[in-house]
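Dear colleague,

Please find the structure below for your records. My notes on selected parts of it follow directly after.

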Amino acid sequence: MKNTYLILLLGFILMNSGCYKDTESETQFDDEFFLTHKGADLPIWVRGNKDAKTFILFLHGGPFDTALYDAVVRAFEPLYDDYAVVYFDQRGGGHAHGSSVNLSEAQFVEDVELVTKLVKQQYPQAENLFLMGHSYGGYLGTAVLAKGNNQDLFKGWISLAGAHNYPLNWVNSRAYLLNITTQKISAGEDLEVWQERFDALTNTPEVTNINELRIINGIAFQVAKEINAGNETFEKPPFLFRLTAPTGAGFSQHNNAEMEDLIVNGNLNPVMSNITLPSLLIYGGEDPIVPFALGNNAIDFLGTPEEDKFLISLATSGHILWEYQADIFFDQIRTFVSSYE
Amino acid sequence: MKPITTFLLLAFMSIQAVAQVQPSLRTHLKGYVIVFPGVELAVEFPIKTWSLSEAKTHELIINASPVIDFFNYRGNYNGLGLMAELNPKLNLENGWTYELFGGVGLVNAFLARTAYEIQPDGTFSEKNAKSNQYFSWKAGLGIGKSITISGKNYSVGFRIGAREVRTPGYLVAPEASVGIIIPLKSKNSAQ
């Protein structure tokens with residue numbers, strides 16, 4: 001039994017000696033809890049300044065990716081001094097639990113509504129809530145704000161490479177990719193690879209189903225990896241940390257017809273005039289996945305008064321905007337939030 | 001997820017001291033290795049051993065064991081698993097062991113943090129001991145070497161393999177494990 005106690009003690013020590021420690025302190029949040037709703041348990045992480053009255057609720061992309069990676073690598077740490085940042089994983093993906101049921105746009109919207117209410121209940125000091133969505137999270141956030149009086153819950157909307165109009169996005173993405181492949185072929189660079197991409201793009205003139213989407217989106221990710229290489233300004237954690245950090249799933253995992261239809265055909269342009277909230281839209285100039293051109297569309301369709309909506313292009317940024325030109329990125333967010341909190 | 005990441009997330013390693021053909025308790029450091037190291041405590045009960053080949057120089061056996069394990073993923077869930085494991089082993093005269101292992105089972109995942117549920121009045125109430133059940137599997141291979149400590153025979157080994165717990169995101173946690181297995185009975189048994 002002596003050995004057994006030794007082993008149990010060893011286990012306890014190991015369990016509590018993790019290399020990962022967040023910023024829990026007298027001044028910084030390190031809160032974790034779940035929202036249980038309609039068959040799903042959604043993990044929520046709150047980081048940032050405990051004295052903040054401004055909370056930023058972050059919607060990850062995907063669909064079915066995870067926000068936990070962003071939380072553990074402290075992607076939005078530059079905001080932690082002034083604000084609290086709320087991360088959560090959406091149902092069906094990431095580190096959410098429960099069953100993969102109710103995977104629909106309406107349910108995703110309802111989940112965000114409840115997470116918002118829960119945050120307000122748990123943090124009465126959160127006087128100013130901002131909604132911030134990345135990529136698919138930009139679609140979801142737009143859908144949330146366009147519904148009923150939801151925008152009254154927030155002081156502002158921050159769309160990061162937001163994909164609020166998927167059909168247009170695939171047109172833009174394909175055009176971006178055709179342009180760059182043509183340039184590369186003309187320059188004689190790695191001809192076999194770029195010609196193969198060019199042929200795939202020309203053989204896929206439009207995205208009408210998930211298979212065509214995968215072709216365009218797959219090439220976009222390949223090209224992004226190449227053209228964005230070396231441009232990151234975000235100091236990533238050590239290799240082993242990233243290698244073993246939680247990652248998200250992907251929309252392919254679920255083969256959910258409703259969600260596949262959403263990312264092929266989902267277009268929120270018809271309801272965007274309902275949104276009159278101050279809005280900051282940031283897109284990357286070197287993002288073939290959700291190219292900058294979609295930002296122009298958002299500016300055109302948002303109902304927000306001209307003086308309260310802002311479209312920013314980060315010229316050398318890729319899709320994960322905060323990993324490139326970070327100083328400008330966070331300055332833009334701080335300026336926007338401080339103007340409307 | 002990148003294929004290499006997927007593979008490495010699937011991979012887990014263990015250093016273990018194995019008590020053969022008798023119940024044993026093992027501890028493992030596991031989870032998101034560096035980010036969220038957790039702990040596994042497992043009790044395995046070998047119920048059947050088949051000897052496929054036996055000679056002076058080697059022995060080829062298969063162990064069948066139900067395994068009860070408890071593991072912790074920091075901040076996310078605590079799993080209580082029941083696995084059925086098969087463990088073919090080639091034991092050599094010089095004390096080296098080569099093995100395959102595989103198992104399937106169920107995991108009851110208890111949420112590791114407070115869960116809140118909306119009530120009809122629009123407020124949220126705490127929901128305690130919330131859990132979900134998932135299918136789980138693991139498989140891999142290993143190499144080990146017999147050692148003797150205080151008169152007892154153990155096997156120190158290295159394992160690499162995969163374990164998946166089918167949460168909605170089908171996330172596979174890497175399980176880098178540093179562990180010890182000790183016999184729960186006093187019986188000594190050689191490899």
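**Helix H3 of chain A**

Helix H3 of chain A, residues 105–122, has 18 residues, which at 1.5 Å a residue should span 26 Å; the C-alpha atoms at its ends are 26 Å apart, so the two values agree. Please bear in mind that this is a predicted model. Several residues of H3(A) are buried, including Phe108(A), Val109(A), Val112(A), Leu114(A), Val115(A), Leu118(A) and Val119(A).

**Helices H6 and H7 of chain A**

Helix H6 (residues 191–202) of chain A packs against helix H7 (residues 210–227) of chain A at an angle of about 150 degrees, and their axes are 10 Å apart. Because angles over 145 degrees count as roughly antiparallel, H6(A) and H7(A) are described as roughly antiparallel to each other. The crossing of H6(A) past H7(A) is left-handed. On the H6(A) side, the contact is made by Trp194(A), Arg197(A), Ala200(A) and Leu201(A). H7(A) contributes Ile215(A), Ile216(A), Ile219(A), Gln222(A), Val223(A) and Glu226(A). By class, this contact of H6(A) with H7(A) comprises 7 nonpolar, 1 polar and 2 charged residues.

**Chain B**

Chain B contains 1 helix and 13 strands. Of the 191 residues in chain B, 49% are buried. Among contacts in chain B between residues at least 6 apart in sequence, 62% join residues at least 24 apart.

With kind regards

Notes:
Residues are numbered from 1 along each chain as its sequence is written. Chains are lettered from A and ligands numbered from 1 in the order in which they are written. This is a predicted model: local features need pLDDT of at least 70, side-chain atom pairs count only at pLDDT 80 or more; totals for chains, interfaces and linings use all residues. Side-chain values use heavy atoms; hydrogens and water are left out. Helices (H or I, at least four residues) and strands (E, at least two) are DSSP runs, numbered from the N terminus. The expected span of a helix is 1.5 Å times one less than its number of residues. Buried means under 20% relative accessible area, exposed over 50%, partly exposed in between (1.4 Å probe, protein chains only). Axes are lines fitted to C-alpha atoms, for helices over the stretch in contact, and angles run from 0 to 180 degrees between N-to-C directions. Angles under 35 degrees count as roughly parallel, over 145 as roughly antiparallel, 65 to 115 as roughly perpendicular and the rest as oblique. A crossing is left-handed if the near helix is turned anticlockwise from the far one by less than a right angle, and right-handed if clockwise. Contact means heavy atoms within 4.5 Å. Ala, Val, Leu, Ile, Met, Phe, Trp, Tyr, Cys and Pro count as nonpolar, Asp, Glu, Lys and Arg as charged, and the others, Gly among them, as polar.
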